[in-house]
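Subject: Structure handover

Hello,

I am passing a structure on to you, with notes on what turned up in it. Please look at it before reading the rest.

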Amino acid sequence: MIFVDTCFKKQSEYKPVWMMRQAGRYLPEYMAVRKSVGDFLALCKDYKKASEVSLQPVEILDVDAAIIFSDILVVPLEMGMHLKFIQGEGPVFDNPISSLDDINALDENAFKRLTYVYDALKLTREKLSKDKALIGFCGSAWTIATYMIEGKGSKTYAKCKKMLYTKPELLHSLLDKINFALKFYLEEQIKAGANVVQIFDSWASALEKEAFFDFSFKYMKDLASYIKSKYPHIPIILFPKGISGFLDDINGDFDVFGVDWSTPLDLALEKLSPSYVLQGNLEPCRLYSKEAIKIGVENILNEVKNLPHIVNLGHGILPDIPVENAKYFVKLAQGKL
């Protein structure tokens, strides 16, 4: 697989490409499936439908990898929290974490109840072309914890940070429990057919440097080391968003570093290459314009030149992007135009 080869620094005929959130609302085919199922969680739990929408971007756009359709918050859901997705508000937990009793009540063996994710992976891998990679994923312990403590998405993360600075041992207890569950969750994804795994730290930028390495990256490294020690043939991608000022201290047992769109690619290359293959970092809003796509992709390819590189957006594709533009991005990155 060109995607896996690139993760392991092997040269290939072109740079592989995929897009975060590529199975999603910008595709009419996805919206049709979503409408047939009902709410978002119902789609996550219907493994046949989840597999169907995971395959759509490969069939429609010819990306080099499928990423399994799911959500990072199915882990705390199966740990015992009450999750719902509210139109216009996003994910909401009715019972946010605030005490040690709340943490002790969480089931760290949640991975045993996430069979719908593994079934979706198995079915997707069976149907996916052998030359295409299948990506499994999870959120980082820190990103998942922010939702569990805040009860929903946040702009300030005040509850999380209050716990971090006033009761750090309590937050570490929660992060430890989440990471324990994530280790087995990723392991089961690999057993089910994932060829690559990515760990998303969407809210890394909420933390100052010392806090990031203590409460976020330490857990990402621990999770990556666990997986790599048991499955050295599985590439691991880390994607901590918005930490361009911390790159000097990034290290660990992983293969690919995802570069967000706010981090200059030349800076990431200076700090992290050739130790790690880089992924990214086209600004997602460039997909509104073919001219902007062309300039952005050419800039990326000129930066990486003869280095192995995975072309991707610097964050998820937006729901109103024209499908034609997404196709154009993929073909351009692959050198097929």
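The notes below cover aromatic ring pairs and then a set of annotated positions.

Please keep in mind that this is a predicted model.

Aromatic pairs

A pair of aromatic rings is described by how far apart the centres are and by the angle of the planes. Searching the whole structure gave 16 aromatic pairs. One of them is formed by Phe111 and Phe184, with ring centres 5.0 Å apart; the planes are at 20 degrees, under the 30 degrees that counts as stacked, so this pair is stacked. The two residues come from distant parts of the chain, 73 residues apart: Phe111 sits in the loop between α6 (100-104) and α7 (115-127), while Phe184 belongs to helix α10 (residues 168-192). Phe111 is buried, at 12% relative accessibility, whereas Phe184 is partly exposed at 24%.

Another pair is Phe212 and Phe246. Here the centres are 5.5 Å apart and the planes are at 35 degrees, so the pair is tilted. Phe212 is in helix α11 (residues 209-230) and Phe246 is in the loop between β6 (236-240) and β7 (256-259), so the pair ties together parts 34 residues apart in sequence. Phe212 has 0% relative accessibility and counts as buried; Phe246, at 14%, also counts as buried.

Ring pairs also link Tyr30, Phe40, Phe69 and Phe85 into a cluster.

Annotated positions

Which residues does the UniProt annotation "binding site" cover? The record, an unreviewed entry, gives Arg21, Gln22, Ala23, Gly24, Arg25, Asp71, Tyr147, Ser202 and His315. They are spread over 295 residues of sequence, and in space their C-alpha atoms are up to 22.8 Å apart. Arg21, Gln22, Ala23, Gly24, Arg25, Asp71, Tyr147, Ser202 and His315 are found in the lining of the largest pocket.

Two of these positions have further detail.

Asp71 is in the loop between β1 (65-67) and α5 (74-78), and it is buried at 17% relative accessibility. Leaving aside neighbours within four places in sequence, Asp71 is in contact with Phe40, Cys44, Phe85 and Phe137; Phe40 and Phe85 are also in the ring cluster. A polar atom of the Asp71 side chain lies 2.8 Å from the backbone nitrogen of Leu73.

His315 is in the loop between β9 (309-310) and α14 (323-333). With a relative accessible area of 18%, His315 is buried. Not counting residues up to four places away in sequence, His315 touches Met20, Arg21, Phe239, Lys241, Trp261 and Pro284.

Regards

How values were computed: Residues are numbered from 1 along each chain as its sequence is written. This is a predicted model: local features need pLDDT of at least 70, side-chain atom pairs count only at pLDDT 80 or more; totals for chains, interfaces and linings use all residues. Side-chain values use heavy atoms; hydrogens and water are left out. Rings of Phe, Tyr and Trp (its six-membered ring) pair if their centres lie within 6.5 Å; planes under 30 degrees apart count as stacked, over 60 as edge-to-face and the rest as tilted. Helices (H or I, at least four residues) and strands (E, at least two) are DSSP runs, numbered from the N terminus. Buried means under 20% relative accessible area, exposed over 50%, partly exposed in between (1.4 Å probe, protein chains only). UniProt positions are given in the numbering used here, feature names are shortened, and annotations may be inferred rather than shown by experiment. On a 1 Å grid over the protein atoms alone, a cavity is a set of points where a 1.4 Å probe fits but cannot get out, and a pocket is an open set with protein on both sides within 12 Å along at least five of seven lines; lining residues have an atom within 4 Å of a point. Contact means heavy atoms within 4.5 Å. A polar contact is a pair of N or O atoms within 3.5 Å; within protein, one must be able to donate a hydrogen and the other to accept it, and residues adjacent in sequence count only if both atoms are side-chain atoms.
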